[in-house]
Every structure is written in C-alpha cells, then in structure tokens.
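Good morning, and thank you for coming.

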Amino acid sequence: MRVAVLPSADEAERHVAALFAAQLRRKPDSVLGLATGGTPVGVYRALVAAHRAGEADFGKARTFNLDEYAGVPPSHPQSYAAYMRTHLFDHVNLSPDRTHLPEGDADRAEDACRLYDALYRYYGPADLQLLGIGANGHIGFNEPGFVSATGGTQVVRLAESTRRANARFFGEGEQVPAYALTMSAGRILQARSIVLLATGAAKAAIVARALEGPIGTDCPASLLQLHPDATVVLDLEAAGALAPERG
Ligand code: GLP
C-alpha cells in the first residue's frame, strides 16, 4: 500500500480529487467507485470545482456507490442517493442512468443486491474506487467479523457503533437504519485501483490498525493490504498513530 500524508484535511481531500480528475482525463469512460460519509464531502467539492474549471469531464464516466441504507428511499435526505445528488451528481455532467446505487427501498432487498451486483459485474470493476474507513475499520458497510471475500452485494446488519457514529446525520428522534445493502469486501477489492481517504485524529488508531496490524476480518480495511494498487491518503492527524517512518 502506498501512503500519502498531507498537512491538512483540505489538502488530503484535494489530493484525492486530483487523482479522480486525472483518472477521467486518462480514461474518460472510467468506472468510478464512490463512497459516502463525512470524509469524502471535500473530495466531491473539489471535483465539482475541477469540473467547473474544465478539468474533470464526467460525460462518459459511470459511477457505482458502495452502499445504501435498507428501507430508505432515494428521496429521503439521509439516503446515500440524496447525498450523492447533493455533493456531486447535481453539479457535474453525469446523467442519472450512468450513476448506480443499490436500491435501498426495494421490496426484496436480496433481489436488489443481486441486480446491483450483476450491473457491477457487467460494467465494472471500478477503475478507481474511493473508500473511507469506519471508526471500527469497516469499508462500505462491511462490519468487523462479517466480511465476505466471495459474496457480491449483500444485506448486512449495521454494528451499533456504526449506527451511533452515523446518528449525527439523522434528525432528532430519527432512527439510523439497522440494515444496509453493501458491496462485499471481496467485490470492493476487485477494483483496479483503490484510494482510501481518512482525516482527523479520531481515525488515527484504526488507520494504524488497518495499515500496520495483521490482515483480518476484525478490521475489514486491513484487507486492503492484499490489494496490488491501493493508496491511503491521510492528513497529519489521521497519520498520527502510524510508525514513525510512515507518519
Ligand atoms: C459510513 C459509510 C462508509 C464510510 C464510513 C466512515 O457509514 N458506509 O463508506 O467510509 O462510514 O464515515 P465518515 O467518513 O463519516 O467517518
């Protein structure tokens, strides 16, 4: 794994956005794997700016998101579909038929997973996959101990710690969904290139565990150590617990 440490979160986000813009210039019909959460917001902001500056053309690209909450329609403000529209899709030249997320409110979530996985196998794998990391080491919504190397897209039960962490995005009295649809870790690792972004001191311990600890399903992000082309982009705070020669 390559590790790039930037002085600030802002610079780390812009660094990652530049990798995506470069990918689009190199291969305009790239398949981009996208992530949600607080961390990538600045990446999307920088990508929208790059698009407006004529440096990122999404016209031929296709996007696949990692995951979606189960039972949440795309119109719900906390759906990942809404997140993507707000932060990226509504501001760049990506037609909706080229953007894909699992259908969170499908009557039968397992069928929605199968369909999503078939689409990904047809168009994918991602040329460049963006990842964040959960405080417990999850990638997508692959929670510690529930990692499938072979499964495609799956319905998973969210860890209580994940539901607590994500409660900040939901309104008072609103419940964080208990289940989600997510690309499996095995599917995520099929991406040609992966860039994981982590910023802030709260991620320092799990980043060190993922990068320097043993590879294991107790820390799903540690599986990235197996990937031949993975880059981890950190700000100084998130790099704070790495061994000195790295951080
Ligand atoms: C979310 C997402 C992940 C994300 C992670 C960290 O729940 N499913 O894709 O990487 O948790 O989120 P944040 O960036 O808000 O810390």
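Predicted model: local features only at pLDDT ≥ 70, side-chain atom pairs only at ≥ 80, totals over all residues.

The axes of helix α2 (residues 41-52) and helix α3 (residues 80-87) approach within 9 Å of each other and cross at roughly 40 degrees. That makes α2 oblique to α3, where angles under 35 degrees count as roughly parallel, over 145 as roughly antiparallel, 65 to 115 as roughly perpendicular and the rest as oblique. Axes here are lines fitted to C-alpha atoms, for helices over the stretch in contact, with angles running from 0 to 180 degrees between N-to-C directions. Helices (H or I, at least four residues) and strands (E, at least two) are DSSP runs, numbered from the N terminus.

Residues are numbered from 1 along each chain as its sequence is written, and side-chain values use heavy atoms, with hydrogens and water left out.

Which residues in α2 meet α3? They are Val-41, Tyr-44 and Val-48, and their partners in α3 are Tyr-83, Met-84 and His-87; contact means heavy atoms within 4.5 Å.

Let us turn to the spaces. On a 1 Å grid over the protein atoms alone, a cavity is a set of points where a 1.4 Å probe fits but cannot get out, and a pocket is an open set with protein on both sides within 12 Å along at least five of seven lines; lining residues have an atom within 4 Å of a point. Grid points are joined across faces, edges and corners, and a volume is the space filled by probe spheres set on the points.

The largest pocket has a volume of about 550 Å³. It is lined by 34 residues, and closest to its centre are Thr-36, Gly-37, Gly-38, Tyr-80 and Asn-166.

The largest cavity holds about 40 Å³ of space. Its lining includes Met-1, Ile-133 and Leu-196, while helix α7 (residues 204-212) gives the most, with 3 residues.

Next, the aromatic rings. The whole structure contains 10 aromatic pairs, counted for rings of Phe, Tyr and Trp (its six-membered ring) with centres within 6.5 Å; planes under 30 degrees apart count as stacked, over 60 as edge-to-face and the rest as tilted. The ring centres of Phe-64 and Tyr-120 are 5.3 Å apart and the planes lie at 85 degrees, so this pair is edge-to-face.

Finally, the peptide bond from Gly-124 to Pro-125 is cis, with omega near 5 degrees.
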